[in-house]
Amino acid sequence: MIFSRPLEQAIFLKRKSANIIEADTGVVKIDILCPNNSTLQNCAVLGSRIWYSPAELLPFYIPATWQIAEIDYGNLVIVNNYLCQDLFREGFNN
């Protein structure tokens, strides 16, 4: 499957508010939109790998959207159900 927007990898640093997280891309720290308002207690773990995509509408005050989180030694969790459902139906190979 070709994802409609490229996914970039980062490391989760902290949840700044209900809708914004901070992540380290390896080059810079960025704010990322969290489209899921639940607590994401097991997904928002310091140091865990996450995948995000560039914001759909630019310019936007938050430049990216959180899509997927890695938890429990490799298990993947969909954070943005709307955009990731097709990706997981076909399989995520990364």
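Visitor: What does the accessible surface of the protein come to, and what share of it belongs to carbon and sulfur atoms?

Guide: This is a predicted model, so treat every value here as computed from predicted coordinates. The accessible surface is about 5800 Å², and carbon and sulfur atoms account for 52% of it. Of the 94 residues, 37% count as buried.

Visitor: Which pattern does the protein follow along the sequence?

Guide: Start with the inventory: 1 helix and 6 strands. Their order along the sequence is β-β-β-β-β-β-α. Among contacts between residues at least 6 apart in sequence, 45% join residues at least 24 apart.

Visitor: In which sense do β1 and β4 pair?

Guide: Pairing is read from bridges. Strand β1, residues 8-15, pairs with strand β4, residues 49-54, in the antiparallel sense over 4 bridges.

Visitor: How many bridges join β4 to β5?

Guide: There are 5 bridges between β4 and strand β5, residues 64-71, and these two strands run antiparallel. Trp 51 stands opposite Ile 68 in β5, and Tyr 52 stands opposite Trp 66 in β5.

Visitor: What follows β5 in the hairpin, and which residue in the turn has a positive phi?

Guide: For a hairpin, look at the two strands and then at the turn. β5 and β6 form the hairpin, with 3 residues between them. Asp 72 in that turn has a positive phi of about 45 degrees. The strands themselves run antiparallel, with 4 bridges joining β5 to β6, residues 75-78. Ala 69 has Val 77 in β6 as its bridge partner.

Visitor: Why is β5 described as largely enclosed by the rest of the structure?

Guide: The reasoning goes through burial, where a residue counts as buried if its relative accessible area is under 20%. In β5, 8 of the 8 residues are buried, so the strand is largely enclosed by the rest of the structure. Thr 65 is a case to inspect: it is located in β5 and is buried, with a relative accessible area of 9%. Beyond its neighbours within four places in sequence, Thr 65 is in contact with Ile 32, Leu 33, Pro 35, Trp 51, Tyr 52, Ser 53, Ala 55 and Asn 80.

Visitor: Where does Cys 43 lie, and is Cys 43 buried or exposed?

Guide: A loop position has to be checked for burial residue by residue. Cys 43 is in the loop between β3 and β4, and Cys 43 is buried, with a relative accessible area of 7%. Leaving out neighbours within four places in sequence, the contacts of Cys 43 are Ser 48, Trp 66, Ala 69, Ile 71 and Val 77. Val 77 is 34 residues away along the chain, yet the C-alpha atoms of Cys 43 and Val 77 are separated by 7.4 Å.

Key. Residues numbered from 1 in each chain as written. Predicted model: local features only at pLDDT ≥ 70, side-chain atom pairs only at ≥ 80, totals over all residues. Heavy atoms only, no water. Pairing = 2+ DSSP bridges. Buried < 20%, exposed > 50% of the residue type's maximum accessible area, 1.4 Å probe, protein only. Contact = heavy atoms within 4.5 Å. Areas by Shrake-Rupley, 256 points an atom, 1.4 Å probe, with all protein chains shown as cover.
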